[in-house]
Structures are given as structure tokens and as C-alpha cells.
Amino acid sequence: MINIEELKEKAIDSINNAKSLKDLEDIRVNYFGKKGEITSLMQHFKDMATEDRKKFGQIINDAKKSIDDLIKERCDSFNSLVLNEKLKKESIDVSLPAKKIGLGHLHPCTIVFNDVKNIFEKMGYSVVTGPEIEFDEYNFEKLNIEKGHPARDEQDTFYINEKVLLRTQTSPVQARVMEKGKLPICIISAGRVFRSDSVDATHSPTFHQIEGLVVDENISFTDLKGTLTTFAKSFFGEGIKTRFRPHHFPFTEPSAEMDVSCFKCGGKGCRFCKNEGWIEILGCGMVNPRVYELCGLDKDKCQGFAFGMGIERLALLKYEIDDMRLLYENDVRFLNQFD
Amino acid sequence: MKASNYFLKYYVKDLDVAGKEFAEAITLTGTKIETFEKLDKNLDKIIVVRINKIEKHPNADQLVICQVETGNGTLQIVTGAPNVYEGMLCPAVLVGGKVASSAHDSAEYPNGITIKDGKLRGVESHGMLCSISELGRPADLYGGADGIFDMSKINCKVGDDAIKVLHLDDTLYDFEITSNRIDCYSVIGIAREVSATFNKSFTMPKTTFTPSFKDNHYIEIEVKDKDLCPLFSTRFVRNIKIEDSPEWLQDSLRAVGIRPINNIVDITNFVMMEFGQPMHAYDYDTIRKKKIIVKRANNGDKFTTLDGQVRELDDSILTICDGEGAIGLGGIMGGENSMITSSCKNLLLEAASFNGTNIRLSSKKLGLRTEASNLFEKGLDPNNAIKAINRACALIEDLKCGEICEDFIYVYPEESKNINRNIEVSAKRINKLLGTNISPEEMKNILDKIDLKTDIDGDTLKINVPTIRKDILGYADIAEEVMRFYGYDKAGETIPNIKISPSSLSKQEIIENYAYEIATFNGFSEAMNYSFESKKVYDMLNLKADAFERNYIVIQNPLGEEFQIMRTQLVNGILKSLSTNYNRRLKSSKLFEIANIYLPKDKDIKVLPDERKTFILGGYGKDLDFYVFKGYAEEFLSKSHVCGKISFVKNENIDYMHPGRTADILVGDMKVGYLGEVHEIVTKNYNIGTRVYILQFDLESVIKSSDFVFKYHEISKYPKSDRDLSMTVPNDITADKIESVLIKNGGNLLESFELFDIYEGEQVKEGYKSIAYNLTFGSNDHSLTDEEVDTAINKIITALNSIGIELRK
């Protein structure tokens, strides 16, 4: 018995004095190897009486476990020393420049378009598209802008021939949807539009619009206000206020323009909002009953609203870009500022 | 549309707000104010003085010393103006007061200049005598001459506030009028909106007068083209006295920027502002045979308008003729031959109504836009014209400048008669549209205020709409009128109660999103180019005469040659953009664009063209080559789950591409795009001095060949076996040939292969290249034995040998 206690003390002592993983391995072999001291004690085992065997077995197993655990513990501590040494050697200068991944960037108009689209999609709107080269009939006539209407001059249209033109607005998409005659309608349409404006800091003959149309039997002006105020708050921030001003568009009646409180000065008036405290954002209104009629819907039954806004204008406002030409120049130093 | 506060107060006498408060309120009822300006914003302490004595300045020839009477003593003021004289009344700014800087340096002093005590060349001066431009007003509205403003003929006395005397304590508003509100192109129309907005009563100006004589034959009118002229009315005024208008009239015109001329012209201008109705004044004695004929001109007729220009006419242009020939262009401009001069004795006044569209087209054709044509092209109300001509007569009477004939000679055919409309709408219907709960009585109150006389019958509103409000047709229009004065801001905010059928992304949207992802993840930024370009770009792109791209759609009325045709490719846009970056010395740029190209389906564009969404990537710079772009192509197609084998087939026939470095991209048999290096001739044309690569996809074809319905492939649990094959390949054998051998002979066990080395040079014999592939074998149901792999490899090697490929040892 004492024999085993002594053996254990001795083993612990040598483990504690081990200087390397190799020393530990030698110790392990010394005790647990084929001719190891613990192993040879086990040889006596089979000669013992059952009762002694049980008692002895208990003792020897305890000793074996203590030694074994200690070796493992010391091994771990040697391993972690070695690892720490290695990691220390591998230390790098984290201030050195990064390897450039060089992700590309979306055009500011695409970013703004996606932002607007996402807001309306969350409200349940579907996105609909239509042709950019369009029939006069859809771009004007079905939207209550008959031949000779002053709005046709205001919009200075590019014509391909008498009946075909470059759409001046995305509204013809709405006419095409209404013509299908299925209620309710809850859509946004977006895309390129064209107007005969010479290129300067605030005009471009090509730009993008996003429009919405909601038609059912009970959609009211207060729904229009609620929807667009919700949109404005999501797009410009919860603190923004909206203002609806009467206006005129041939395809809506009543019509309005929506302003938002200046997001630079909070409405006090500054250079950005030309001291008005308000910034004009979009046009909207209740769909003119005449338009339902022209698109083949029941004008006595249908009630709904439409709105439209210019993507470029929103982009210029959002990023405070002061010259629209930058949007079509495609200088990567400009484009790469947006994500 | 401009109107001043003074002008508006002629009709809304109790109006007591001005400036910002006024602008905000009227904007919210629908008459938006673009800008407003207080005319005296930079003026302070300016009084009328009399110059009592003028002496020479001892030290300066250009200056004089004036002793001026202020009504509160005398002051000494030195001035350099040469037009002063003893006894002259003029404005003077006192010390501590302010004047506007005169026009030439107004940018320097946007807030005016404060006058201090001072010495001019050694002589004390206590104030400043003022010119009209120093009072902030354009000199040409006050007779043109600058110098100290002479007030001697103006009704005022020494010590008066000069700002008040000159009616400069006024605010000028510039209103944005929407195209439906023809009635608001008049001060009266705006005044009516003002009265309703601020709840102040509205006074219509006087349109009655006492005639002096009778003559029912003073003129004979014949309107031949009634479709172009619904009303032609005249008034006859004899023994006119042409002189300056009274101050109030002159100042009313000046405030809105009109130069006073003489009483007759000023009256017609004033009434045009008031009623929005242009009028014309003829010298009665020049009208031959006392006859007026309104008719279309003959093609080729020539006519001299009162600006002295000779105009060539055609049969769409309406002329006003007398018994012998044209004396005016209806609604556009009068003629030189009948204009009134200072010697005019008798006057024929005309107020007419013309077809708006015809006026617009004629004025465009003649290149002659006048204030009159701008108004007439809106299609003016004949009834308003009659009011306007009577108003002019009332003013003639007030100003005592002529005798008015009692008889009123006009042509206003029954079929052209504009009469008030009666419309009936349900208050409930209006509330349903607006989402409001406004009582019929409240609606009536609002409508009455804007001259829409309303009777209530239960829920029904019976409204009498005056002819000038031709924009009001039905319940929606009435709803807008009610809402404007009820207050857009007072309506609540609700969210539509609507059954929405959820929609998932379409295949097209998904693939477009992938295009954006692939492009941006690989470092391409998004470009946007115009949809129209010059047809010259097809020469820059080196395209043959019969290239399909040259079959383009032409814009009839382009902004210029450079924006004349609808693009049939996106290459020009991307090359132009890359060139911009290259020439701004950027070492590398990568751009992409997703946009439509427009391919005509028929010659005359009777049907809409094919608009094909196209995805193009282009770039130049380090690390870019054909194979990098090929990688982008593969990534995009694999992400789009195209069904069918993707292959790249050399295409030597794209005119703007390098013939040896361009490939079509095929999915199965369908071409979905192409990629390669841009032809050197073309890069030179675009002024780019380096290699440019592009990759273009027709998205519709990609969408057609993609299928998102797919099932997962089992991943093998058994170990794979790798073998490398290094071979010497004759130069004319392409990689795809080798790969087809691998696929054909590798059998089921060959899972994948990868080319990992390619070499041409010293260690390889002439005419050969060295290529190495790594082949991976595996099976889903067992671990492969060496024998199985060897059998497969040997089969491959035999097949490779048979086409002249040897294995390197």
C-alpha cells in the first residue's frame, strides 16, 4: 500500500519538474508503458484474493487517474505555451493597408428608386412596367389630355410620328393597368421618361419617375394623405411634416402637390428650401372620373388616387447634388460615393 | 401672373395681410406664390423736398451744393446730378435713412445703403437726392431718364413721405397659375381667391358708363370664320384726348412691370390686367369703308405688324381686315396701318374671343408670341370680353378722355354663345370622395364665396357655374373647390382599406437583381446614359452599312443631332463613359448599365418597337482580360440557373470587337450575349489608349433560358480521388475540345475537372502548348478503387492521344 502512495508522490514530483512535452511523454511511458511501474503493479493483480483485488484495484485506479490527469494538465499547459509563442511570432501590422475588394456602386437614382419601391412594396403595392416608346393614346388621350391641351405643350414631347412618342410620364402604365379593368388596383410604375428640356444644372431630357395608383370603390382623399405622409416619414424620417397644396393635373381632381418640411432647417427656412421651410416633393390627386371613363372603367363606381414623383429630384435633394448633369456623366469618382 | 397688393385692394378693400403671411395662406388655397417682393424693402426716411438754391461747389466742377426745404427746415445736400434746378421737387433720403443701390451695383448691396452725414470734397452734405433707380425701381418704367427723379408734376408737397406718394409701400406677388384656372390670369380672378381665402368681401369694378351719343352704323362687322372667332365686339369713342394717365393708374401698371404710355394704351393694359382680356385700339379714321372682316388669310399674304416686321401668312392664320385689307392678326398683334398715334382723334376699341389652339399654332408658326397671344391661346371667355370692353369705357369716362357711343356693335353667333352651366352634385358623393364629413350648408358657403352660386335641396347642391370657370364640369371639380377652402390640411389621414393580393418577384426582377449583384460584387459601378444619341456613333463603332444596329428609330423633333436616334446598343454609352474616366486620368474604371435598347419592328413604327432590357459591363485597367470577363459571364449565368450547356463560341464578325478576342455566349443553342475586347479602331475613336473589355447580355434571352425549379444533388459520402493530367497539346486544339474528350470518356465517375496550368515557351516544342488538368473522380454509392480510376483515366488518355495530344511524364 505505502508502496503505491510513494509511487504516486514520486510520479507527481517528476511531472511537476518536467521541462517539456518530451519529459512528460517519458514520464508517461515510465509509469504506463508496457514495462511501466504502474503497469507492472497491475501484474500483481491477478495473484490476489478477490477481496484484496477489489481494495487494491480501487487504490491503484485512484493513483493512476491522479497521475494521468496531472500529465494531461501539464501537457495542455505546455501546448498552450508553445501555441502562444507561435502566435506571438505571427503578429502582424494591422495598420497596413487593406487588400482592396473594390465593390461596385449603384447609381444614386437606382438607390433612391429602390428605397421608394421598398416602402411601397411593404405597403402591398406591386411594381408594373410599360413601354418607354408609347402611343400618344396612352400617354395623353386616355389620361384626359386631349389634342390641343396646353399640358401637351408644357411637357414638350419628343415624337416618333403622329401616334408614337417617347413617354413624358410613367402614367401611361396606369392607363394600361386600368384598361384591364380588374379592381382593386394597387400598383407603382417606374422608369425612364423623356421631355424636350435642354441639358442644364436642373434639367435633363431623360429622367426617371415613380408613380402610384390605388383604385377601388371607397378610396378617398384622406387615404391619399395618409399613404403619402406614411411614405414621406419612411423616406425622409419620422420627424418630417407634410403639407398638401391644391394644384392641377389633368388626370386627377382634386389635385395636390405634397411638400415636406425642410429636412435641413426643420421648417424654419434656409437657403436649401429657398426660405420657404417646405420642399416640393410630388404631385398627386384623386383620379379624375373622366380618366376612368377613358380607360373603360365605371366612373360612378371607381374611386382612387394617383401620385408621381421624380427620382432625380429626390436624389438631388437626398445627397445635396447641385448639378443634374453629374448624374449622366458617369465619372466613377462620383458614382463610387453612393452605396 | 403678377399682381400687387395695391392692385388687389381695389377689389378686396379690407385685405389686411401682406407679405409672407399672405403668401402662405393663398398658397394653401391653391394660388401658389412663386416669389414676392416688398417694393420698399430697402427704403427708409425718404421725403419729398424742394430745391431752393443751387450753388457751385468750390472744389469740384461736377458737383453742386443744394439748399433743400424739408418741411421741417432746410438742409444742405451736395449732388453730382446735372438735372437739378431751383424749385424742383424731388425725393431725398435723410441721414440715417436707406436707399436701394442703383441697378449696376445691386449685388454689392442686397440690403440697400444707409446714408450718413458726410463731406463731399470738403463741403458738408446732410442726406442725398435720389434717382428713381436709387428708390429700387427700373428707370424705364418712369420715362427712362435717370438723374434726380423730378416729382414737380406729381401731386405731392414738401415733407411728404416719397415712398407713399410713389406708391412704393406696396408688395408685388408673382403667382403660379395652373393651366385650368384661366380666370386667374386676371387680377380680378386672383382677387376673388384672395377674398375667399381671407374672408373679405369682393367688389367688382365698375363696368357701367353714361354714353354721350348714338350711332348704330359706326362699323359693319362680318366674321367669316366663326370657328376661329366666337365673339368680335367693338366700342366707338370719339374726340379722344390723348395725355398721361393719372398717377394711380400709372403706378398700378408700373408695380406689375408695365410702362405707362398714354391714357388710352394704359386703360387697355389696365383692363387686360384686371380682366385677363387683351383689347385692341384702332385709329377709327384709318379703317377703310368702316368695315371689319374677320377671316383666314390667303397663303402667301404679307402683312406688317405694328412692330414694323413684315410677316408672311397662310390660310390657317386669322386676320382682321377692313374694307380693303388686313389691319391686324387676330389675337396676336395689330397692324402698323391702323395703330393709334398721338394725332388719333377717334377710337375703335375691340374685345374679341379667339380659338385658343389656333392662336397657339399661329403664334408658333409666325414666331411671334405676345402678351395677347399668351392669353388668347388659353381660350378666353366671350362673356368676359364684353365685361372688359365695358370696363374700358367706364375708365374712359372716369378719365374724361373721350365720348362713348351708346351703340354696341358686335358679332356673337348663337352657336358660339357661352352660357352659365347648372350642375347638380350630391354632398354625400363629395364627402365619400374626400373622406370628410362637410355639411351641405358649409359647402354652399364656400362655393358662394367664389361666385359658384349654390342652392341646397336636401343632399343635392345645385350650382350655377359662370362661363369663366370652364374648368368646373362635375362632382370632382366641385369637391376640389370645397376642399380648397375647407382646407386640405383639415382633412384627416387614413390608410386605404383594400384587399391586396401579395405578389412575389417576377423572374425578370430576380434576374435583374442578379445582374446588379454580379456587377457590383465584381467592382462595377452603375452608369446611366441617355436613351437617344447621335447616328454618328455608328460610324465611331465601325459598324458596316448593313449592321442591324443601324436600323434605328428617329425622333422627329430632337433636341439636336446628338440626341436624334433611339439607341440600338449600349456599347456607345459605356465606351463614352469609360472614355470620360480615362481622359480624367483614372487608371482603371469598371462600369455597367442596365437599360433598354429599341429595335423597330416595322418601317414606319406603326407598332411599338421591341424594347430589350440589356445588361452591359465594360472596363479597362490592370487585372482585366477576356478570361476575367468570361468569369463574370459564367457567374451570372450560373446564378440565373440557365438550363442548357453554357458555351463560348468565337465570333470574328462583330464590327466593333477584336476579331480574335470575342466570343458569343450560348446557352444550349441560344445566343444570350457576347464578350470580348473592343476593337482598337473603336477604342481610338473614343480616345481611349488602352484595352477595353465588354460583356453584354440580352436579359430577355437569359430569362428565357433560366429555370428556378431545380432539385438538390446528393453530396457523396465517399472519398474522392484526384488525378492530374499534364499534356502537350498542338496549338490548334482549343480547351473546349480537350474538355469534351474528358466529358465523353470520363464516364459517370468523372465528377469534375479544372484546368490549372497552361504554358507555351521554351520547354514545350514548337507548335505545342502545355496544359494541365486536375480531374476529380467519385461515386455516390461506394469508395472508388484504384483500378476503377485507372480504367477511366486510361480511356481518357487513349482518346486524347487519338487527337494528337501526348501526356507529359
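Trainee: Which residue with a positive phi follows H13(B)?

Mentor: Ground rules first: this is a predicted model, where local features need pLDDT of at least 70, side-chain atom pairs count only at pLDDT 80 or more, and totals for chains, interfaces and linings use all residues. Residues are numbered from 1 along each chain as its sequence is written, while chains are lettered from A and ligands numbered from 1 in the order in which they are written. Helices (H or I, at least four residues) and strands (E, at least two) are DSSP runs, numbered from the N terminus. With a positive phi near 90°, the residue that follows H13(B) is Gly523(B).

Trainee: How far does H13(B) reach from its first C-alpha to its last?

Mentor: H13 of chain B covers residues 507-521, 15 residues in total. The expected span is 1.5 Å times one less than the number of residues, which comes to 21 Å here. The helix is close to that, with a reach of 21 Å.

Trainee: Over to chain A: which are the edge strands of the seven-stranded open sheet?

Mentor: Strands count as paired if DSSP finds at least two bridges between them. The order in chain A is S1-S4-S5-S9-S8-S7-S6, with mixed pairing. An edge strand pairs on one side only, which here holds for S1 (126-128) and S6 (242-249) of chain A.

Trainee: What is the bridge partner of Gly283(A)?

Mentor: S8 (278-287) and S9 (303-310) of chain A run antiparallel to each other, paired over four bridges. Within S9(A), the partner of Gly283(A) is Gly308(A).

Trainee: Which element gives the largest share of the side of chain A that touches chain B?

Mentor: In total, 60 residues of chain A are in contact with 70 residues of chain B. Elements giving two or more residues on the chain A side include H5 (108-122), S4 (185-194) and H9 (221-236). The largest share, seven residues, comes from H9(A).

Definitions and conventions: Contact = placed C-beta atoms within 7 Å.
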